[in-house]
Amino acid sequence: MRRLCLATTALLALACNNPTSPAPPPAFDRPESVVFFCWDLSEAAPVPLDQCAPRPLEGDEEDRAEPPAPYALHALVTQTSTGEVAAVRISGDGEEEGSDPGVIDSDVRVPGFTFAAVGEVPSAMAISRAEPDRVYVLSRGASSIYAVKVGDFRDGKGVTAEAFDVLPAGARPSSMVLSPAGDALIAALPRRGELARIPLLGDGELGAAELTALQTDVPEPVDLTLLPEGEQPSSYRYTCPDDLDPFRPPLVPPREPVARGDAPEPWSLLLDETPEEPRLYVADRALPIVHVIDPTTMAELAPLSVSVPTRALAVTPYVPSERYPPGGPLPEATERYLYAIDEIDRSVLVVDVSDPMRSSYGAVLPASVAAPEDRLAVREQSAGGGEEAAEAIAVLSPDYPPGDEPRDCRDPDDPEDAASGANLYGVFLAVAARGGSIRFYDVYDLDTGCRGDGCGANADGADELVAIGRHRPRLGTTLQLDETVKITPDPAWDSDGAGTVTVAEDGSVAEARFVPPLEPLESCERPLEQAYPVGPAAPLVCAVTDPWAAAGERFTVAYEGTIPFTASTGGNFVEGSPALDLRYSPCALGVIGAMDVPADGYLAGYAGDAIAITGDLPPSILDIDPDDADAQRLLDRCEEITGRTVGGETTPVVVPIERASSDPDAGVYSGRLELGDPMGDATLDEVRECFPELLEFEIRAREAFVVRSSRTGFTHAIARDDDGVCVVDPTLAERDLRGRAFFDSTYRSPAIAFRLGPRPEALGRPRLELTVGDIPFPLQIDVSSLGSGETSRLVTLVYNDVDDRLYAIDQAAQGLVRIRPNQPTLTVQQVFR
Amino acid sequence: MNGTSRHGLGVLALVVSAGLLVACNLDQEGAPPPPRTLNYPIALALSQPAEAGEAPRHLFVANSNFDLRYNTGSLMAIDLEVLDDLVAGCDGNADCDLLLEDHPALVAAEVGIGTHADGLSLRSDGGRLYLPLRSEESLAWIDFVDDAGDGVSFACGQPQEVDEGIPRCDDEVYVAGVDDVENERELVLEGDPVAVANGRLSEIADLPDDAGEFVLLAMRDGRVALFLDEGDGEGPRLVHVAEGFAENLVTVTMQPGTGVAWLTSSTTDRIDRVGISVDAANPSRSFLYDFGGLRVGGIDDGEDLREVQFLAADPNRAFVLSRRPEAVVSLDLARRSRTFGEAPVEELYEVGAGPSRLVPLQIDGRTYVLASCFDAQKLYLIDADTGALIAVVGGFSGPFELVHDEARDRVYLADFSTSQIRVIDLSPVRDDGTPQLVATIGEVIAAGSILD
């Protein structure tokens, strides 16, 4: 921009010698955290936040969560790049001058917008809900705390922040909350493994920090599989029709605890004021525990042992274990849950924190039908593809707890207002993903009485199929009964000899000479269920049809297909050895040689993989001196081996693999294949002689099918053993990670099962396609799709229970995003940037 | 308008301005750059210390002559010991402006090299520099001669002496075309060279330490050229050109301990990788091959990557500079990604608009990353161990290339827009402080002054 200004100046100088250029207006610059306050417009003073609770709607007025006059809801947003805090007016109808929502200029004497300077990289803020005179800002860069008078943000005369160096030098604090009594700040010091309690002395003065070292003991995690049925956590769900019986997430033993270091690294703080005795939960990025602190005494209580380090937390209010009955009242609310982001892989886990007296207290709960069962299911990949890593989480609870008045079902004939998956009343979890989307999970839905045609009262007629389950993805669309998950279109082979051959509902194929039939399976074995054909006929294909777990994906079953990512131009025959060196690890890609096929298990009897040399003969063989008889003889033989035509086309030379191995320390050539005799009449020595330079090749299954998913790729149980040899890992094999299918055998993986018939007589390299379709869409907001092509990076989610809005901070593009959870449906209401 | 667009417009405006000026008199040979003139510095490198662990003596600066103000760009060696004395004399004053006119001893050597250099790399023995030269569509090589006691100089053929200007290298130092091709492949070097990387052949093949150097030259259109430099007094020889990598390449970086280079492109989220296959028996038959790419997935949307750097202390840790979103992406190479072909993304750290270059470094055993952000006009410091941005250093005009002088606890930053070199002290970071600008080398040459 600087150069643009300079160049613009230069061009203007050529034209009229007027070098002035307007200064660009300040805007959000890498916002990170947000807090709220309520402003009394008549008194020009901050007032308790609850004063900004929305006034009742009038008639058909749109729900904009407008506070009653003379109040206006405001937010403060940290700007990490500039070291500032910006004030934003959230509410306002814009009908009167100065009532527009938007960013506030804190110093009208300076052109453009002025924010409050608060030190290097402000990372967190704390403000009293009841007495919001000052906001305290934590500076991660300066390891300081700044106090700012809230009124200064609105008086237009500039904001002065007072710095307090009360934290230990080099602490680099990460998070801060106000104590329940409002008499102290509590900050997390990850570098020191401590919490700091900083007393508020009145008039904005801060006392010296009192430090509390966090414990390092890691208790045994609670093992739900050892608890009797009566002590298991409740398993709440609602389905319509009520005989719909989706698979329940199975109980699994807790993971072996994994730490990222020896010392605690407290990262984020969550103050829970719901129980009679408030608790402070502390996410630890190093140790596999969530610390539990009494925020009054700063005494550390027994931690929650969750097996992995965590980086962010969210807790629900107490919710009932039973469905909300039509018309109410609310059953006794006895359950509550702590959600956490796994620091290692950024998945989300849920912990039972209902009652410390229960044996399931502190257990990581099952939440998915497919592995990993102890993590919330992620149905979709990120907007840009790739891993859907969680960046932030928040619990939202619009209209919860409900009042004493019976809830109505609103207007079932109004698609926008009717109870639906996209209309959130109750308790839900929101998860912001690194790719820019926010997805939602059910905890407790107050609308179940209005959902499902034939089940709920006044339900939308299009809302026939309903599935709502605790900790399961919120389904965002209305579904018809015939829209169940299934294989669609019908399974079909692609064959060289016969073109496209569809598999009939009895498994037969019209061109049985070229492609095998599918044979009926005895049963599907949950979590797989019948996916083709739909109806009473015996299952030919089983897949995950659970509405919360099913994923749209296409399976390709290719005879002697290429193992993905094995095609390379980097093979090098080893001097004096029947081996080929590779520039990748064949074990990681799932390659196995004939010598290492196990005696039992689904690979028993497998012939092992093979390399197929796909490249042309190298120039040193082709470009010969015509008078060199030896070279000509070699060329003739090589052309014979490769079936090389005058046009230069070759037939791949296939060489079985006896053993595959890898050595990560071997440098560039980290993989090795020991080869057997080539197929056909050539010897391995002849092949080596024909390909003296780097080899262009790929690795294929031999006399077997390669099964590949569009979603999970080629799954396999091959791993490197202690000697570097590629072998079947029994632990992975137990998870049915299978990448190869065989004639007259049943193929079964965690995602699909089918059985191939006998080998046809005229076998080429046929390919079967199985597509799992009719998938219900999970509810999601894609912040990355807002605006015009700007990229998003979500870093924060905050639910404000005063205006019942979810706020997301998109650091890269959109700034502060205000999301309305209902009425009419989940939608982005405003963006401030 | 996002940072990239603003950057693009800025460049366009400058080029138009420069073009208007050039159009006035196309026949003139142009003025040579006066001695001791920084002119749009684009690339930096530190000299080889005399002994391991010692401080480097010189900072090499490639001046791009971006505005075509002169008839050539230049290569300059800044004497860091002279700089040390001058910085000490400023006593921590941030207004320590060191004009080269006032401190001629700062420039130990300089030579004209052609316009629009776009990178700078030092041979492993410290005796030669390689530069991608866009004006010549070639790789330039210039020897750095340290005559103990008699100062230092650049040797590049028979430099042409120029009245009132610095001497200019002759064309022998530009490698291109059939004459410089080592083998029978009849290669021709074509395209727009944008980045260079090099290393010892003995590090990637079973060859003796004196076998020489390999040099990779990345071309904007997705081609990479392999040169071998046997260090025998001759220049590097072109032995292979590999094609088909992503277009709009920006940087090429060698992965330590492997014969694999990582390529970033401004139009894709895929990091292409090129492998070097060394024929130990006949190195001239060595060649490049496609090592396969890694996609930086799971972010929105990663389709503009500017640089990859590996952490010297931990070869399993790499950092990628992304402009979509504007962030430093850390990779854990020891962790297998859930999807093969995906880069194992570990963490994202926010930086400012127009991120351009990055340097990972260690201070007191902690890992930090510095990222220059051209459009934000700031330098961002990330504590990669704590996992957070911890400082933002402002006061620049167009921060671009940067190098870390570990022995002096400093970073040298090329401020492209004002044609200055900024000297930044990292020692406050040891005490929980913020990096401090301690000196600025050179006089401001802004775009407006091309009208002079």
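**Calls and cut-offs in chains A and B**

Author: In chain B, of the contacts with a separation of 6 or more, 54% are between residues 24 or more positions apart. A contact here means two C-beta atoms, placed from the backbone, within 7 Å. This is a predicted model, where local features need pLDDT of at least 70 and side-chain atom pairs count only at pLDDT 80 or more, while totals for chains, interfaces and linings use all residues. Residues are numbered from 1 along each chain as its sequence is written, with chains lettered from A and ligands numbered from 1 in the order in which they are written.

Reader: What makes A:Arg30 count as buried?

Author: Buried takes 20 or more other C-beta atoms within 10 Å of the residue's own, exposed takes 12 or fewer, and partly exposed is in between. A:Arg30 has 26, so it's buried.

Reader: And why is B:Asp409 called partly exposed?

Author: Its count is 17, so it lands in that middle class. For chain B as a whole, 56% of the 452 residues count as buried.

Reader: What do the phi values of A:Arg30 and B:Asp409 look like?

Author: Phi is near 60° for A:Arg30 and near 60° for B:Asp409, a positive value in a non-glycine residue each time. Most residues other than glycine have a negative phi, and most peptide bonds are trans. A:Arg30 sits in the loop between helix H1 (2-15) and strand E1 (31-40) of chain A. B:Asp409 sits in the loop between strands E28 (399-405) and E29 (410-415) of chain B. Helices (H or I, at least four residues) and strands (E, at least two) are DSSP runs numbered from the N terminus.

Reader: What makes a set of residues a nonpolar core?

Author: Its members are buried Ala, Val, Leu, Ile, Met, Phe, Trp, Tyr or Cys, joined through C-beta atoms within 7 Å. The largest one has 224 residues, with A:Val351, A:Ile393 and A:Ala430 having the most contacts inside it. Strand E27 (426-433) of chain A gives the most to this core, seven residues. Beyond four places in sequence, A:Ala430 touches several residues, among them A:Ile393, A:Phe440 and A:Leu806.

Reader: How do you know that E26(A) and E27(A) pair?

Author: Pairing needs at least two DSSP bridges. These strands have six and run antiparallel, so they qualify. A:Ala394 stands opposite A:Ala430 in E27(A). The open sheet has the order E26-E27-E28-E49, all in chain A.

Reader: Why are E26 and E49 called edges?

Author: E26 (390-396) and E49 (780-782) have a single partner strand each, so one side of each lacks a neighbour in the sheet.

Reader: How confident is the predictor in chain A?

Author: Mean pLDDT, the predictor's confidence in each residue from 0 to 100, is 89 for chain A, and 95% of its residues reach 70 or more.
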